[in-house]
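Subject: Structure handover

Hello,

Here is the structure I said I would pass on. My notes on it follow below.

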Amino acid sequence: MVTALNNYLDSVKENLRLERSLESEVIQELETHIEDEFQELKEDGLSEEEAANTCLTLLGSAKLLARQIYEAHSQGSWTQALLAAMPHVLFGLLFVVNWWRGIGWLLGLLVLVLSMAVYGWWRGKPAWLFPWLGYSLLPVVAAGLLLLYLPHGWSWVAIVIYLPLALWLLYSITVKTIRRDWLYTSLMLLPVPAIIGWFMAVEPINKLPGYWLQSIEDFAPWIGLTFLAFALTVATFIRLRKRWLRVSVLVVSGLLTLTMITYYTEGRLSLPAFLVLVVVMLLLLLSPALVERTLKHTG
Amino acid sequence: MAQRRELIKGSIDSLLLCLIERQPMYGYWIIKELERKSQGYFKFKEGTLYPALHRLEESGLIRGEWQSLPNGRQRRYYRITEKGLRRLVTERGQWQDFLVAMNLIIQPASDRREVEKW
């Protein structure tokens, strides 16, 4: 096939953002179609260039075609919506019913989150995977924070060994997710601003552990409610077809949860802190789109 | 032209189901067959056809299957499902009612009397 037609197929592929197996089926189907059309036009007496140009005119915009095919497949089933919302529901329940102090529950949840993340990753990265993947990275960050409390002189372990490894892991997973679809990175990062918000609100720095634990207990129902709000957001996201609606749902949810935290903590989160968190939220949710563009241009 | 496009847009699913009901077909064949059967009235672009086929498949109304050709290439044939057949029966009924109602309103008065007589 001539270069212009191959470029067209590449452009469709670039904008499809579907699961790998489905993507290759769509491209194969379009390729056969284009070959048939191209051949028939040549048999009608057109030169290769004329036939290719006619094909491209009939095909229309590659981006539009890719977007319409994406929208035909993008809506997840109710089962997928439930599966995607599940980690948020479990984290919500952890606080609502006060299981967060039980080490057994925490370990059980950790094992479940890691198992689901690994399973989904090797099963073609379906849409339900990404909320699980986000939570599976939490232990990596938490372990890094704990390393800061190592006895004096041992912090080199964190700097020399742990930090590069953790950063490499986070970078590698984020880039692979962005290559699949930048919106899934946003889905993965959705709870991060709220987690930072709650972290700031319960003031763990320079306070006794007892005070910190009491603060979490006081706010536990509201912390749980935040995660349940994310569960609802994720389920809605999975059921929506259009990308702009999906982006809107994530941003609105980020704003609402940060407002909830500010409201329920009654001034523990100041207005400047709230505004900074809103900016962080927008950066986390929308910057993957820019990274995707950069990755495409750098190959 | 824009009016025709709107009319076609609203009836793509019914047209595709009708055509695929007769025999399993692939995308390029569907475009050619629609144009031939409608004497050039329905000229589908790929950008209209494939999203519609994929939407119908996602809804379980048709099913796509790969078939190997003697030259080693593969084509994706679409066949109608039981669910698709049931939908088609409903849509055919709706179309009949719609056409009768449209004829009663849109035809000139003399023709209308003929229709009502029948």
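In this predicted model, helix 11 of chain A meets helix 13 of chain A through A:Pro193, A:Ala194, A:Gly197, A:Trp198 and A:Ala201 on the helix 11 side, and through A:Gly254, A:Thr257, A:Leu258 and A:Ile261 on the helix 13 side. By class, six of the residues in this contact are nonpolar and three are polar, with no charged residues. The axes of helix 11 and helix 13 of chain A lie 10 Å apart, and the packing angle is about 10°. Angles under 35 degrees count as roughly parallel, so these two helices of chain A are roughly parallel to each other.

Next, the nonpolar cores. The largest has 46 residues, and those touching the most other members are A:Ala84, A:Phe130, A:Trp132, A:Leu187, A:Val234, A:Ala235 and A:Ile238. Helix 11 and helix 13 of chain A are among the elements that give two or more residues to this core, while helix 12 of chain A gives the most, with nine. Leaving aside residues up to four places away in sequence, A:Val234 touches A:Ala84, A:Ala85, A:His88, A:Pro131 and A:Leu187. A second, separate core has 35 residues, including A:Leu30, A:Ala52, A:Ala66 and A:Ile69.

Regards

Methods
Residues are numbered from 1 along each chain as its sequence is written. Chains are lettered from A and ligands numbered from 1 in the order in which they are written. This is a predicted model: local features need pLDDT of at least 70, side-chain atom pairs count only at pLDDT 80 or more; totals for chains, interfaces and linings use all residues. A nonpolar core is a set of buried Ala, Val, Leu, Ile, Met, Phe, Trp, Tyr and Cys residues joined through C-beta atoms within 7 Å. A residue is buried if 20 or more other C-beta atoms lie within 10 Å of its own, exposed if 12 or fewer, and partly exposed in between; C-beta atoms are placed from the backbone. Helices (H or I, at least four residues) and strands (E, at least two) are DSSP runs, numbered from the N terminus. Two residues are in contact if their C-beta atoms, placed from the backbone, lie within 7 Å. Axes are lines fitted to C-alpha atoms, for helices over the stretch in contact, and angles run from 0 to 180 degrees between N-to-C directions. Angles under 35 degrees count as roughly parallel, over 145 as roughly antiparallel, 65 to 115 as roughly perpendicular and the rest as oblique. Ala, Val, Leu, Ile, Met, Phe, Trp, Tyr, Cys and Pro count as nonpolar, Asp, Glu, Lys and Arg as charged, and the others, Gly among them, as polar.
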